[in-house]
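Here is a short briefing on one protein model. Please have the chain open as you read.

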Amino acid sequence: MPRFVDLFAGLGGFHLALKSLGFECVFASEIDEVLREVYSKNHGLVPFGDIRKVDIEQIPNHDILCAGFPCQPFSKAGRQEGFGCPQWGDLFGYVKSILSCHRPPFLLLENVPNLKRHDHGNTWKHITNVLEGLGYVLTDRLLSPHSFGIPQIRERLFIVGSRHGLDHFDWPVESDSIDTSIHTILDDDPSGARIISPTLERALQVWQEFLDLFPKNEQLPSFPIWTMEFGATYPFEDTTPFALSLDELQQYRGSHGRYLGSLPETEIFDMLPAYSRRQQQLFPKWKVKYIQQNRDLYARHSSWVEEWLPEIRDFPPSLQKFEWNCKGEQRSVWDYIIQVRASGIRVKRPTTAPSLVSMTSTQTPIIGWQKRYMTMKECLKLQSMDALKHLPRSQGSQIRAIGNAVNVQVVRRIASALLGSY
């Protein structure tokens, strides 16, 4: 029976995929104690802890090494510290050491798309040089579950390597014409489903009022709506608030048009949008563009926006920003999938769920028409992991683990193409 190792194993997405193809897991590693216990219950194998403390020579020989090495150092959502990240940056080196010691015929790695762009491509160049130096012929591709009929948009970078060449390997065939629907993974009236908070429900009602007031003969903005810019006048094109003195700032208006000159000096900076307070002399071009678009939007519609604006002001900043991803559809927030992130409320068609993220349970997708969050069982279905019987006890740990997991069906298709005749 072909054998594999499962590094940075998490919930065991690689394990589920390769076991379904008849492979045997002979070694797994996972630093999180809670996930080690869950992995053991689900897969009947107790993972080793910190990979940095394992005796590499004692790892059993194997035919394929699987690893979704931690993506935080390379993700656009983080600090992008890369190999210099003090917590996770050195872990690829242990993948290299295991490959160097055991020389498995194949490897299958997964990470965030930004890995290839990180540090202007230098990180990717280092990784490929290392793997090719160990004798592996490589190929890579960005794949998302929705291209295989699974209703989640979650693009990830997959790296396939073989010491015997890849003439036999073809990437799984994707299709952009597959119709997907979030309804295929939803349960009817699931028990224990978490209902949205009264504050969030009220914020969504206020945004529904915005949609109702917006002229019917005009398309809703495709850019993120930042209400903090409605009435704001602080300079943003050739300078930033940080680059100005408090005396200079006092002549302008900040978030939601609040006149800064009427505030004590200690409060002036706090009355600016959080994204405008960064310690930088110039804003990036994308931020300048969004600010200008929102100020133009306000200028065109201030006659009715001014009456609506007080309703949104008292909500947290994440609920004061809104992104409509349903161009041409009926303007009802309750008909769609909703996700609340630090960047704002996003409303999406119910064809696919947004990418599951591992940060907090508040970012779990919301079923608008039921005013509830997706259950963990439904989230598992999005990751093709519904065969799992055990999860961490706390909901926060559950969503972090599911958000960090690989999609089992995508991995299974890749591994089948790579190892089908092995």
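This predicted model holds two cavities of 30 Å³ or more. The largest cavity has about 50 Å³ of space. Rolling a probe the size of a water molecule over the atoms shows where empty space is left.

**Cavity lining**

- Which residues line the largest cavity? They are Glu110, Leu143, Pro145, Arg154, Arg156, Phe158, Ala405, Val406, Asn407 and Val410.
- Val410 belongs to helix α11 and is one of its buried residues.
- Asn407, also in the lining, makes a contact at the start of α11. A side-chain oxygen of Asn407 comes to within 3.1 Å of the backbone nitrogen of Gln409.

**Helix α11**

- Helix α11 covers residues 408-419, twelve residues in total.
- From first C-alpha to last, α11 reaches 16 Å, close to the 16 Å expected at 1.5 Å a residue.
- Which residues of α11 are buried? The buried set is Val408, Val410, Val411, Ile414, Ala415, Leu418 and Leu419.
- These residues sit on the same side of α11, because they cover an arc of only 160° around the axis.
- What covers the buried residues of α11? The cover includes α1 (13-19) and the strands β3 (64-67), β4 (106-111), β5 (137-143) and β6 (156-162).

**Thr180**

- Thr180 is found in the loop between β6 and α5 (198-213).
- Is Thr180 buried or exposed? Thr180 has a relative accessible area of 14%, so it counts as buried, the cut-off being under 20%.
- A polar atom of the Thr180 side chain lies 2.9 Å from the backbone oxygen of Thr351.
- Leaving out residues up to four places away in sequence, Thr180 touches His146, Gly149, Ile150, Pro151, Thr351 and Thr352.

**Helix α5**

- The buried residues of α5 are Leu200, Ala203, Leu204, Val206, Trp207, Gln208, Phe210 and Leu211.

**Phe92**

- Phe92 is found in helix α3, residues 91-102.
- Phe92 has a relative accessible area of 3%, so it is buried.
- How far is the C-alpha of Phe92 from that of Asp247? The two atoms are separated by 50 Å, and the residues are 155 apart along the chain.

How values were computed:
Residues are numbered from 1 along each chain as its sequence is written. This is a predicted model: local features need pLDDT of at least 70, side-chain atom pairs count only at pLDDT 80 or more; totals for chains, interfaces and linings use all residues. Side-chain values use heavy atoms; hydrogens and water are left out. Helices (H or I, at least four residues) and strands (E, at least two) are DSSP runs, numbered from the N terminus. The expected span of a helix is 1.5 Å times one less than its number of residues. Buried means under 20% relative accessible area, exposed over 50%, partly exposed in between (1.4 Å probe, protein chains only). The arc is that of the directions from the helix axis to the C-beta atoms. Contact means heavy atoms within 4.5 Å. A polar contact is a pair of N or O atoms within 3.5 Å; within protein, one must be able to donate a hydrogen and the other to accept it, and residues adjacent in sequence count only if both atoms are side-chain atoms. On a 1 Å grid over the protein atoms alone, a cavity is a set of points where a 1.4 Å probe fits but cannot get out, and a pocket is an open set with protein on both sides within 12 Å along at least five of seven lines; lining residues have an atom within 4 Å of a point. Grid points are joined across faces, edges and corners, and a volume is the space filled by probe spheres set on the points.
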